[in-house]
Amino acid sequence: MPPWQSAEVLAAELGRGWRRRLREFQEEPVAAASIGQVHRGRLRRGAHVAIKVQYPGIARSIGSDIENLLTLLSLSPGLPKGLFAAQSLRALRRSWSSSAITGGRRRRRGGSGFS
């Protein structure tokens, strides 16, 4: 993701003044994964930190993937009803939705992890 987009994501999650909370922020990511990327940073008090930035829309995309898997499982002939995989996917969907929602609320209430 380009620097302007990661800055937008961080501002949406942590507030417009997120950069003032850091002594340093490395624009170039040091690592990337399927759901986001990682930047180096340093807090005002000097501690080095890894700042994980989730790609925009990834939570919605993963939720959609889980729904598609559940649909495929329900349409697959020969699979027993109540298959453990289906139950696990439903639990994952509940957990993912809950953590995405509460994580965002926690950050917006000032629990950003910066100190």
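**A walk through the predicted chain**

Read from the N terminus, the elements of the protein chain follow the order α-β-β-β-β-α-α, which gives three helices and four strands; helices (H or I, at least four residues) and strands (E, at least two) are DSSP runs, numbered from the N terminus. The model is a predicted one, in which local features need pLDDT of at least 70 and side-chain atom pairs count only at pLDDT 80 or more, while totals for chains, interfaces and linings use all residues. Residues are numbered from 1 along each chain as its sequence is written, and side-chain values use heavy atoms, with hydrogens and water left out.

Of the 115 residues in the protein chain, 23% are buried, where buried means under 20% relative accessible area, exposed over 50%, and partly exposed in between (1.4 Å probe, protein chains only). The protein chain exposes about 7,900 Å², of which carbon and sulfur atoms supply 55%; such areas come from the Shrake-Rupley method with a 1.4 Å probe, and for residues only the protein chains shown count as cover.

Helix α1 has twelve residues and reaches 16 Å from its first C-alpha to its last, close to the 16 Å expected at 1.5 Å a residue, the expected span being 1.5 Å times one less than the number of residues. Within α1, the residues Ser6, Val9, Leu10, Ala11 and Leu14 are buried, and just after this helix Gly15 takes a positive phi of about 105 degrees. Ser6 counts as buried because its relative accessibility is 1%. Leaving aside its neighbours within four places in sequence, Ser6 is in contact (heavy atoms within 4.5 Å) with Met1, Gln37, His39 and Val53.

Val53 also belongs to the largest nonpolar core, whose ten residues are Val9, Leu10, Ala11, Leu14, Trp18, Leu22, Phe25, Leu43, Ile51 and Val53. A nonpolar core is a set of buried Ala, Val, Leu, Ile, Met, Phe, Trp, Tyr and Cys residues joined through side-chain atoms within 4.5 Å. Two or more residues of this core come from each of α1 (3-14), β1 (22-25) and β4 (48-54), and α1 gives the largest share, four residues.

The aromatic rings come next, and the count comes to one aromatic pair. Rings of Phe, Tyr and Trp (its six-membered ring) pair if their centres lie within 6.5 Å, with planes under 30 degrees apart counted as stacked, over 60 as edge-to-face and the rest as tilted. The rings of Trp18 and Phe25 are edge-to-face, because their centres are 4.9 Å apart and their planes stand at 80 degrees. Trp18 is buried, with a relative accessible area of 4%, and Phe25 counts as buried at 15%.

A search of the whole structure finds two salt bridges, each a side-chain nitrogen of Lys or Arg within 4 Å of a carboxyl oxygen of Asp or Glu. In one of them, Arg19 pairs with Glu27, the closest N and O atoms being 2.4 Å apart; Arg19 is partly exposed at 39% relative accessibility, and Glu27 is partly exposed at 32%. Glu24 forms a salt bridge with Arg42, with the closest N and O atoms 2.6 Å apart. This pair links distant parts of the chain, with Glu24 in strand β1 and Arg42 in strand β3, 18 residues apart.

Finally, Ile35 lies in the loop between β2 (31-32) and β3 (36-43) and is partly exposed, with a relative accessible area of 33%. Neighbours within four places in sequence aside, Ile35 is in contact with Val53, Gln54, Tyr55, Ile58 and Ile62.
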